[in-house]
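Have a look at the model first, then read on.

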Amino acid sequence: FNEYFNLGAVSKVFSFKGEVTLRFDVNYPEILSNLSSIFIEQNGNLIPYIIEELTFQKKNFARVKLKGIDNEEAAKKIVRANIYLPDSFLPKLNDDEFYFHEIHGYSILNQDDDVIGEVSDVFDLPSNPMIETIIDSKDVLIPLKLMISIDKRNKKIKLEIPEGLLSI
């Protein structure tokens, strides 16, 4: 799924006609109001579905009718499945900006330019996003607000690591 980003998931069945509720994990779901299709993860593959109708219910939830999902049984098969869109759907960012899914696999450097790990995951916690890396076989969370710079071309993030943070 290298060129796709996780948009959220199918939350629940909405009606016996096959409608489902989608939960969006994005900051500005209103940009999705003109979606014509989505990709749903099924058995390790991304399957495209045409959106016949999409109606927002709450900020990050929408009722959706997908072409080919015409009854409750078919809808139940996709509940809890992750939904994706191509990266090309996202607005382009400046060189010093990034989407969290983009930095997976980036090298993490300390202020002395020593490589201390690789980004294995990003957690979008309220007011304090964290990157996860593995150091000495242990999962380590580092606040993203410690970032000094990002080099997208070379896939590197430079952080100002306070003394003792990595030994906790």
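Asp 87, Ser 88, Leu 90, Pro 91, Lys 92, Leu 93, Tyr 99, His 101, Glu 102 and Lys 152 line the second largest pocket. A pocket here is an open set of points on a 1 Å grid over the protein atoms alone where a 1.4 Å probe fits, with protein on both sides within 12 Å along at least five of seven lines; lining residues have an atom within 4 Å of a point. This is a predicted model: local features need pLDDT of at least 70, side-chain atom pairs count only at pLDDT 80 or more, and totals for chains, interfaces and linings use all residues. Residues are numbered from 1 along each chain as its sequence is written, and side-chain values use heavy atoms, leaving out hydrogens and water.

**Second largest pocket**
- Its volume is about 160 Å³, counted as the space filled by probe spheres set on the points, with grid points joined across faces, edges and corners.

**Largest pocket**
- This one holds about 1,200 Å³ of space.
- Its lining has 29 residues, with Phe 5, Leu 90, Tyr 99, Phe 100 and His 101 closest to the centre.
- Strand E1 (4–13) and strand E9 (121–123) are the elements giving two or more residues to that lining; strands (E, at least two residues) are DSSP runs, numbered from the N terminus.

How values were computed:
Helix = DSSP H or I, 4+ residues; strand = E, 2+ residues; numbered from the N terminus.
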